[in-house]
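Look at the sequence and the structure first.

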Amino acid sequence: MSEVLETLSPGWHAALAEAWEAYLHGSYPIGACVVDANGQVLARGRNRLGEPRSVEGGFIAGHDLAHAEINALLNLAATPRPECYGWTVLTTVEPCPQCAGAIAMSGIRGMAYAAPDPWAGCTRLLTDDPYVSRKRMRVGRAPGEVQRVVLRLKAHALWEEERAAGERNVLDSFAAHSSEDVAFAGQLYRSGALLALRERGASLEEALAVLA
């Protein structure tokens with residue numbers, strides 16, 4: 001996995017780092033960043049739903065709006081036109097309707113994601129909606145290895161959440177997309193290996209070694 005990390009763009013490395021940081025803080029493991037046309041990271045954000053409520057310091061936490069993409073957008077100093085048309089939001093999980101809409105209305109014209117979200121993903125808003133489609137949004141995907149580890153990390157969080165709640169609604173939707181990765185995440189959850197890494201605040205590199 002270290003070789004994969006070495007070949008990652010700064011943007012995808014930043015998004016993965018934010019996703020792991022979100023998980024370390026008790027939130028869904030989703031991270032995002034904004035990169036310019038040259039791939040330089042301009043802003044970063046993570047999911048903060050599990051953190052104490054706050055709307056200060058350039059991010060939202062403990063609120064239904066506290067998604068990774070929203071926090072990355074809020075972290076931008078400005079979105080100058082037409083320069084920002086060449087920027088891209090990179091996010092580890094397919095955006096929900098809220099985040100897809102925020103990206104579309106931000107002035108940024110590019111979005112790429114790693115893991116699909118068969119439960120709440122709404123990429124179609126960027127391509128199929130009559131109003132948004134006129135913006136000619138660019139929609140892309142992360143490298144394959146990034147897609148795989150992100151899906152396993154997200155599924156691991158769902159195993160943890162839904163097993164405690166005694167239900168599998170969201171997890172089953174992910175399993176229908178990739179049963180192999182969801183099963184892998186289930187074995188990882190039962191082993192306690194990733195939970196132990198979170199407990200001691202392990203590095204992203206250590207987490208990815210387990211997820212790979």
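The structure holds one cavity of 30 Å³ or more. On a 1 Å grid over the protein atoms alone, a cavity is a set of points where a 1.4 Å probe fits but cannot get out, while a pocket is an open set with protein on both sides within 12 Å along at least five of seven lines; lining residues have an atom within 4 Å of a point. A volume is the space filled by probe spheres set on the points, which are joined across faces, edges and corners.

The model is predicted: local features need pLDDT of at least 70, side-chain atom pairs count only at pLDDT 80 or more, and totals for chains, interfaces and linings use all residues. Residues are numbered from 1 along each chain as its sequence is written, and side-chain values use heavy atoms, with hydrogens and water left out.

| Space | Volume |
|---|---|
| Largest pocket | about 310 Å³ |
| Second largest pocket | about 170 Å³ |
| Largest cavity | about 40 Å³ |

Leu16, Ala19, Trp20, Val149, Val150, Leu153, Leu204, Leu208 and Leu211 line the largest cavity. Two or more of its lining residues come from each of helix 2 (10-24), helix 7 and helix 11 (204-211); helices are DSSP runs (H or I, at least four residues) numbered from the N terminus.

Among the residues lining the second largest pocket are Tyr23, Tyr28, Glu160 and Arg198. Helix 7 gives the largest share of that lining, three residues. Helix 7 also gives the largest share of the lining of the largest pocket, three residues.
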